Amino acid sequence: NQLVEREIRNNSLREYTPMPDSYWDSKLSMEDTFATLDSSGDAVVRQQAQSWERIVQKLLILDQLPQLLSSMLQWIQQQQDCSPQMLRFLAHLVLILRLLGQPASQDIGDEIIKAYTKVLMEQGDASLVAYYTATLPGDDQVALYAQFLQHIHRTEQRKAALDEAERVNLPVEAITQRVVENIRDEKGAERALPLELSSEVSEEDRRKISALEWVVLYPSQRAEAIWQTNALIRTFLALCKIQAAHLAFEQIPPDSVSLVMSQYQVDDETASVYSAFLPSRVNAAI
């Protein structure tokens, strides 16, 4: 403070009231300055000093990044005034620190970005969700974006969300596989195993059948689509849901087996010989 005051007085044409000698002799460190604000006799000053914005400023000025990140994570976990704008600021602060090469806890930074991404997921903006998801480690990318896709039901919206994922180089095939598995594994209402065949198709069944579209959209995933469909059909058959199993089967395009064989350069005449050399998951699927 004294240095700033002295610089102003030395380079200004204005006349200033002389400061007492005690002012110039009082030299506070940055830590002392913030401690003075924290314990100020003015209640408004104390309250302002404890706001999250001022704490961020203080810890940045003091270069206490580990403490800053720990405080940010604590605010998120306690949901302390965590408005979307606050989460956006904290996420961007993490990204900027990383761009500057500042040492920071990767795990804590990832949790902060995930918290903001989940807010964006609620808003349904695929481009923003994809962008921030792409800043996370690979496993988190798959888990988080798959969670987002689970709530998209219309084909055109699904394609648009996958386009956004491709734009930022997310692992789309791993993500679509995870979506199907997540939805298939969802626990519905507990029911006793049926004793006879049923043509009933519940909303829960239709949701699982519809999810198969995620792995049908990419021709390169056709073997995975067959695998996932087989798994769902077996589940339905175990529950004696013949109609649901039939609807699941219809999700697979008729040319799927031929397409898979051509992808591995196996034709119909040599299929019986060369199918054994296919990847085990592909061979089991077809």
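Biologist: Which residues is Thr176 in contact with, leaving aside its neighbours within four places in sequence?
Modeller: This is a predicted model, with residues numbered from 1 along each chain as its sequence is written. Local features need pLDDT of at least 70, side-chain atom pairs count only at pLDDT 80 or more, totals for chains, interfaces and linings use all residues, and side-chain values use heavy atoms, leaving out hydrogens and water. Contact means heavy atoms within 4.5 Å. With those sequence neighbours set aside, the partners of Thr176 are Leu162, Trp214, Val215, Tyr218 and Gln221.

Biologist: Does Thr176 count as buried or exposed?
Modeller: Thr176 lies in helix α12; helices are DSSP runs of H or I, at least four residues, and strands are runs of E, at least two, numbered from the N terminus. Buried means under 20% relative accessible area, exposed over 50%, partly exposed in between, with a 1.4 Å probe and protein chains only. Thr176 has 0% relative accessibility, so it counts as buried.

Biologist: With which side chain does the side chain of Thr176 make a polar contact?
Modeller: A polar contact is a pair of N or O atoms within 3.5 Å; within protein, one must be able to donate a hydrogen and the other to accept it, and residues adjacent in sequence count only if both atoms are side-chain atoms. The backbone oxygen of Glu173 lies 3.0 Å from a polar atom of the Thr176 side chain. The side-chain partner, at 2.7 Å, is Gln221.

Biologist: Which residues does Glu224 touch, not counting residues up to four places away in sequence?
Modeller: Glu224 sits in helix α15, residues 222-238. Its relative accessibility is 11%, so Glu224 counts as buried. Its side chain makes a polar contact with that of Gln228 at 2.6 Å. Beyond four places in sequence, Glu224 touches Gln177, Val215 and Arg281.

Biologist: At roughly what angle do the axes of α10 and α12 cross?
Modeller: Axes are lines fitted to C-alpha atoms, for helices over the stretch in contact, and angles run from 0 to 180 degrees between N-to-C directions. The axes of α10 (residues 138-149) and α12 (residues 172-184) come within 8 Å and cross at roughly 55°.

Biologist: Is the crossing of α7 and α8 left-handed or right-handed?
Modeller: The axes of α7 (residues 84-99) and α8 (residues 106-123) come within 9 Å and cross at roughly 140°. That makes α7 oblique to α8, because under 35 degrees counts as roughly parallel, over 145 as roughly antiparallel, 65 to 115 as roughly perpendicular and the rest as oblique. A crossing is left-handed if the near helix is turned anticlockwise from the far one by less than a right angle, and right-handed if clockwise. The crossing of α7 and α8 is left-handed.

Biologist: What is the phi of Asn169, which is not a glycine?
Modeller: Most residues other than glycine have a negative phi. Asn169 is in the loop between α11 (155-167) and α12. With a relative accessible area of 67%, Asn169 is exposed. Its phi is positive, about 65°.

Biologist: Where is Asp63 found?
Modeller: Asp63 is not a glycine, yet has a positive phi of about 60°. At 55% relative accessibility, Asp63 counts as exposed. Its place is the loop between α5 (52-61) and α6 (65-77).

Biologist: How many helices are there in the protein?
Modeller: Of its 286 residues, 38% count as buried. There are 0 strands, and the number of helices is 19.
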